[in-house]
Amino acid sequence: MTTEKKIFVLDTNVILHDFNSIFKFAEHDVLIPITVLEELDKFKKGNDLINFHAREFTRELDKLSGDDLFSDGVALGNGRGRLFIETGKAFSEKMKVSFQDNIPDHRILAITEFVNNDNPDRTTILVSKDINLRMKAKSLGIPAEDYKNDQVKDVDYMINLGIQTIYDFSDEKIAELYQGEEGLTEDDLNLDYELEGHRYFILKNDNSSALAHFNPLDKKIKRVEKPSAYGIYPRNAEQTFSIDALLDPNINLVALTGTAGTGKTLLALASALQLSEQFDQIYLARPIVALANKDLGYLPGDAREKVSPYMQPLFDNLAVIKKKFNIHSKQYLYIDELLRDEKLQITPLAYIRGRSLSNAFFIVDEAQNLTPHEVKTIITRAGEGTKMVFTGDIEQIDSPYLDKKSNGLAYLSDKMKDQDIFAHINLIKGERSFLAELASKLL
């Protein structure tokens, strides 16, 4: 039985999300509307990753270029379909009734409708990360779907993987954790699956409890004490596990997820300060998602003044740590020294590009607003001795083209979950204030 070769029409945002997307549709054919090339032209200049994607896609297209792109298409490689470019098409009467504005989205729709009608024996599917455009396509009877190549299949499984509570655990085994240094073995947990990667456990019974960590390097389960990090003490089990992972020299990559007020950024920054003498540089960065999809250029002031409002939450976390110490104390003055000497840098993520990340403690805040490719680009630049921490809330995404399954933070945790150098902690309990936690639950 032969599988039907479908035609996938790609929207601009798919290519800006992943410039290699044309190679991700197996044996099916891929079609690029001429309007997409027109839109990509606007993104070729700039330092953001979408500008990089636009330039890289143009280079890929140049390698495949030829007159056949507009007629018979060009082969995308062994086991893959062909790539076509379709020129602009007039709006059908059906489109004119619903979509009167001559905008890029509607021109892409017109081309997709033409391809769909011109190939009645094949399925034509519009692939877009724009929900509204997908709905418009469906209103015309055209199948439409999100770009699914880098989506996480089971987000709930991923979130709950890092910490597990085991009830009615042996009183003797808990006592052994407190008294001995050897620790427990995987068999002592009596699990119905094999442990891989770093895992944290809450072991409890009616009489006692313990916090424990499974280390995949020595296959031992040992008690986790409540460590502090530069004046910050954990207030719950998840924060205790987070600091343990952040301070562990064998864990080079950490993901901290959770809602606002759970302490993700604060714990990461405090741990970086605690370990500052072991690293040449501390970076605390976050992506900038422009307000109302407007470019930062419309804001007044120079570059630093434009991005200052976006960076303020990071400075707020630093202020919380500084308040733990007397203004004249060594610890307080040390933070000022780190900032003055630029060993500690709080900056937009775009400003980090081009810098060396060797022997650095690198924190990426609001990582749920990054694409999977952006996360990959950041991690692959890590040099020897670098520790990377990604924090964020996958339920609170500001980018219009990402969701809880397709954002870079979820993708990172899903792909790295069983690796010996990676730990993922999901923080649940809010510790900012009773009011903040109440609002998070009820509003």
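Trainee: Let us start with Arg 199: is it buried or exposed?

Mentor: Arg 199 is buried, because its relative accessible area is 8%, and the cut-off for buried is under 20%. Please keep in mind that this is a predicted model.

Trainee: Which side chain does Arg 199 meet in a salt bridge?

Mentor: The partner is Asp 418, and the N to O distance is 3.1 Å. Asp 418 has a relative accessibility of 30%, so it counts as partly exposed.

Trainee: How many salt bridges does a search of the whole structure find?

Mentor: The search finds 20. One of them joins Asp 414 and Lys 417, with the closest N and O atoms 3.2 Å apart. Both Asp 414 and Lys 417 are buried.

Trainee: And what about Arg 223, which residue does it form a salt bridge with?

Mentor: Arg 223 pairs with Glu 225, and their closest N and O atoms are 3.6 Å apart. Arg 223 counts as partly exposed because its relative accessibility is 30%. Glu 225, at 54%, counts as exposed.

Trainee: Which residues are linked in a network of salt bridges?

Mentor: Lys 5, Asp 29 and Arg 122 form such a network.

Trainee: Changing topic, what is the order of the strands in the open sheet?

Mentor: The six strands follow the order S13-S12-S14-S15-S11-S16, and their pairing is parallel. Strand S13 (344-348) and strand S16 (422-427) are the edge strands, each pairing on one side only. From one strand to the next, the twist averages 15°.

Trainee: How many bridges join S12 to S13?

Mentor: Five bridges connect strand S12 (residues 281-286) with S13, and the two run parallel. Ala 285 stands opposite Thr 347 in S13.

Trainee: Which strands does helix H14 lie across?

Mentor: Helix H14 (residues 372-379) lies across strand S11 (253-258), strand S14 (360-364) and strand S15 (387-392). Its direction is at about 155° to S15.

Trainee: And which strands does H15 lie across?

Mentor: Helix H15 (residues 408-416) lies across S11, S15 and S16, and runs at about 125° to S11. The loop between H15 and S16 is the one that holds Asp 418, the salt-bridge partner of Arg 199.

Terms used: Residues are numbered from 1 along each chain as its sequence is written. This is a predicted model: local features need pLDDT of at least 70, side-chain atom pairs count only at pLDDT 80 or more; totals for chains, interfaces and linings use all residues. Side-chain values use heavy atoms; hydrogens and water are left out. Two strands pair if DSSP finds at least two bridges between them. Helices (H or I, at least four residues) and strands (E, at least two) are DSSP runs, numbered from the N terminus. Axes are lines fitted to C-alpha atoms, for helices over the stretch in contact, and angles run from 0 to 180 degrees between N-to-C directions. Contact means heavy atoms within 4.5 Å. A salt bridge is a side-chain nitrogen of Lys or Arg within 4 Å of a carboxyl oxygen of Asp or Glu. Buried means under 20% relative accessible area, exposed over 50%, partly exposed in between (1.4 Å probe, protein chains only).
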